[in-house]
Amino acid sequence: MRTVLVTGLGGAGRTTVAAATATAAARDGLRTLLLSAEPGPALAALLGLAEPPTATPAEAAPGLRVARIDAAADFRTEFLALQRTAAPALELLGAAPMAGEELTGIPGGEQFALLRAVAREAARTSVWDLVVVDLPPLAEAPDLLALPERLRRYLRRLLPPERQAARALRPVLAQLAGVPMPARWLYETAARRDDELAAVETLLAAESTTVRVVAEPSPSATAALRAARPGLALYGLRVEGLIANRVLPEHSTDPWLADLAARQRKCLDEWAAWDERGGDPVLCRVPHLGHDPRGTDDLARLGVPAGGTGVSLGPSDTGVTDLRADDNLLTWSIALPGAAKEDLGLVRRGQELVLTVGPFRRIVPLPSALRRCTVSGAGLTDGVLTVRFTPDPGLWPAQG
């Protein structure tokens, strides 16, 4: 199963491109699912459906199913399940349980609902050939995709897995020494959440998962994309392609349209120069139809290729190089295309490295070989950050 994550600048038409990607894949014979949190009526109009989609995947065209992520319903389901699990503890505290009709959505609920939906469908590898996910705008998407990794790190720090081994001793300790031990359901809930987050994290790291970025050609879009590129790379996301949406015809008798098309062309030339690898451009131009696309026939006219088959710019970590024989160094290279030196930050914290690129930050565990070294410097050249490590003599055997 392949997964294509579609994000883009606000108002650039990312949902339209996600739907067009899914439509193209279904027409190519792939069993395709489109996941989106767009309002039901808008999604129905885009796909030409008589009824708004629901959380249950339903057919939108031959080979294409669509499911709408309902954050409020997802929150109610999760909250009520947690309430049932914690019922004994809540009864001891005298807490009154809440009914489902009392619950509404909460800020940030869309993110968790989306991740749960992705995790659920990722487990159904025998059902789908391709899952297309309509993500939030580009300003929010990197943090959303980094959420599973961050939350798992928080869980490991707050509820270390090794402490779960003490569950069998808890009653004895409570009677003999009065040692307070966390409730069993807390660890069990944390373990379930960790499993869910691990599934999403594995999916995002898989080579079969790629990202498409949608933007309408303009100077402001160029600036926003330039700022986002190193952030996407920092999180190891494989950018499959840049989708230039609503591209105007190059030749027009209308002076205003001709001028606008010329400005678009200037942006497109710059974008194409960013993303060429081995002569294969990953920039895809999507024409302006003169109206908002409605129905799968309109979506097919956009010419968006099926997802998961384009050129991938690759993950951020390019590996560790052993230079001990010549320079007594090991280096760790991380591709950060578009990054500027003044926006970079690097801090060693125990067995982890805290990397900052502008507004983006990621805490990554060091490869095992580098944990026995000290950071001796770093440099950024041609969009690749190279961190130098000096082996600790007390932890490395002497070179013969």
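Biologist: Before we look at this predicted model, what is the expected span of a helix?
Modeller: A helix in this predicted model is a DSSP run of H or I with at least four residues. The expected span of such a helix is 1.5 Å times one less than its number of residues.

Biologist: How far does helix α10 reach from its first C-alpha to its last?
Modeller: Helix α10 covers residues 255-274, which makes 20 residues, and at 1.5 Å a residue a span of 28 Å is expected.

Biologist: Within what arc do the buried residues of α10 fall, seen down the axis of the helix?
Modeller: Residues under 20% relative accessible area count as buried, and in α10 these include Ala261, Leu268 and Trp271. On the other side of the helix, Pro255, Lys266 and Ala273 are exposed. The buried residues line one face of α10, because seen down its axis they fall within an arc of 140°.

Biologist: Which residue has a side-chain oxygen that reaches the backbone nitrogen of Trp256?
Modeller: The contact lies at the start of α10, where the oxygen comes to within 2.8 Å of that nitrogen. The residue that provides this side-chain oxygen is Asp254.

Biologist: Is the pair of rings of Tyr235 and Phe360 stacked or edge-to-face?
Modeller: Tyr235 sits in the loop between α9 and β7, whereas Phe360 belongs to strand β15, 125 residues apart. Tyr235 is buried, with a relative accessible area of 8%, and Phe360 is buried too, at 10%. The ring centres are 6.3 Å apart and the planes stand at 85°. Planes over 60 degrees apart count as edge-to-face, so this pair is edge-to-face.

How values were computed. Residues numbered from 1 in each chain as written. Predicted model: local features only at pLDDT ≥ 70, side-chain atom pairs only at ≥ 80, totals over all residues. Heavy atoms only, no water. Helix = DSSP H or I, 4+ residues; strand = E, 2+ residues; numbered from the N terminus. Buried < 20%, exposed > 50% of the residue type's maximum accessible area, 1.4 Å probe, protein only. Arc of directions from axis to C-beta. Polar contact = N/O pair within 3.5 Å; in protein donor to acceptor, adjacent residues only side chain to side chain. Phe/Tyr/Trp six-rings, centres within 6.5 Å; stacked < 30°, edge-to-face > 60°.
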